Amino acid sequence: MLKSTYCRYFLAFNEPATTSRETMRVKETYFVKLWDTKNPGVYGVGECGLFRGLSAEDTPDYEATLAATCRYIHTVDLATIPVSSIAMGFETALRDLQNGGTRMLWDSPFARGEQAITINGLIWMGDRDIMAERIEAKLKAGFRCLKLKIGGIKFDEEVSLLELIRSRFTPEQLEIRLDANESFDPREAAVKLERLAQFSIHSIEQPIKRGLLKEMRALTKAGIIPIALDEQLIGVTDSDTKRRILDKIHPSYIILKPTLCGGFTQADDWIAAAEDQGIGWWATSALESNIGLNAIAQWVAPKLASAWAGRLLDGPHASAPMPQGLGTGQLYRNNIPSPLRLASDGLSIDSSFNWDLKPIIWQR
């Protein structure tokens with residue numbers, strides 16, 4: 001019989017992380033432990049990465065829902081858990097348990113430590129000087145793709161940062177992605193995109209608020225900068241609805257955050273819907289600890305090899321897997337030790353690493 005318990009954990013940022021919505025100093029998350037009573041020494045671990053202010057399930061009774069799921073886990077169909085981050089946590093824990101509790105979740109050259117995943121360098125918002133310093137650090141580290149969060153400082157200052165980058169690096173040398181986190185006023189969005197387009201921007205995530213399908217379609221149809229959907233995917237679990245949204249907006253890309261878009265099974269369904277319509281995609285983490293980051297990286301790695309062979313990640317002209325958004329493992333000073341290693345813009349696994357989960361104090 002399956003049994004489960006959970007632990008609440010607060011991740012402390014090395015420095016404040018700012019988006020257009022908020023500035024975060026700590027990130028609340030939950031870990032789940034799953035075992036069979038016939039062999040309690042072997043257990044699976046997963047992360048339920050609730051994202052306050054963004055997750056569809058951000059309600060006062062979240063922890064009570066998680067506790068009830070743990071209590072009745074022997075009767076729960078893990079494939080039908082309706083709460084996104086809880087679904088991802090238990091999908092991870094079950095897969096881990098089935099593979100002997102080794103944190104080896106999806107077998108691939110990446111998971112075996114033989115291959116790295118190329119990732120983008122994430123630049124958090126700050127004042128112009130701070131962002132310039134962060135950009136310089138990422139460039140020196142060897143990143144060939146930067147993702148800049150915008151919308152939190154004056155737009156003219158953000159434009160000047162892009163001018164600085166492009167004065168040094170051509171689009172062939174450095175790819176620039178932008179994430180507006182829904183911060184643009186729909187009435188001004190096209191004008192702002194026109195100004196940003198002069199810097200050869202790869203894509204911009206969620207320039208306006210989710211739910212504005214007509215307005216978002218107008219932006220994608222204008223073709224100023226390729227549009228990527230992110231927040232729009234949150235809370236959508238019905239396959240037909242997913243396809244209707246993609247058909248209505250027809251973005252260039254979708255961003256898969258399994259913690260927020262229903263877990264791995266739902267993320268797989270989004271990928272299938274996108275590929276049916278010739279829409280590109282990439283995966284990214286949503287401020288999980290190394291437990292969740294490890295799971296997302298291992299989940300996406302086999303797809304990268306498959307998509308590279310089938311040239312599906314970036315439309316018909318793709319020549320290599322796109323950089324993934326998995327560079328959040330170094331954000332916290334009290335992260336769970338893991339085998340994830342970052343060298344330049346390559347995320348890899350140290351196959352000789354032995355997981356130590358002592359920082360997690362499980363509920364009794």
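Start by selecting strand β7, residues 175–179: four of its five residues are buried, where buried means under 20% relative accessible area, exposed over 50% and partly exposed in between, with a 1.4 Å probe and protein chains only. Strands here are DSSP runs of E with at least two residues, helices are runs of H or I with at least four, and both are numbered from the N terminus.

The model is predicted: local features need pLDDT of at least 70, side-chain atom pairs count only at pLDDT 80 or more, and totals for chains, interfaces and linings use all residues. Residues are numbered from 1 along each chain as its sequence is written, and side-chain values use heavy atoms, with hydrogens and water left out.

β6 and β7 pair in the parallel sense over five bridges; pairing requires at least two bridges found by DSSP. To find one of these positions, select C145, whose bridge partner in β7 is E175.

Next, select helix α6, residues 213–222. M216, L219 and T220 are buried there. Seen down the axis of α6, these buried residues fall within an arc of 95°, so they line one face of the helix; the arc is taken over the directions from the helix axis to the C-beta atoms. An α-helix has 3.6 residues a turn, so residues three or four places apart point the same way. Turn to the other side of α6 for K214 and K221, which are exposed. Now show α5 (189–197), β9 (227–229) and α7 (239–249), which are among the elements covering the buried residues of α6. After α6 comes G223, with a positive phi near 65°.

Move to Q324, in the loop between β12 (313–316) and β13 (340–343). Q324 counts as buried because its relative accessibility is 0%. Leaving aside residues up to four places away in sequence, Q324 touches I117, T118, I119, N120, W281, W282, A283, V300 and L304, contact being heavy atoms within 4.5 Å.

The last stop is the second largest pocket, with a volume of about 400 Å³. A pocket is an open set of points on a 1 Å grid over the protein atoms alone, with protein on both sides within 12 Å along at least five of seven lines; lining residues have an atom within 4 Å of a point. Of the 18 lining residues, select E15, L122, W124, K138 and L331, which lie nearest the centre of this pocket. β1 (2–18) supplies the largest share of the lining, five residues.

Conventions:
1 Å grid on protein atoms, 1.4 Å probe; cavity = no way out; pocket = protein on both sides within 12 Å on 5 of 7 lines; lining within 4 Å. Points joined across faces, edges and corners; volume = space filled by probe spheres on them.
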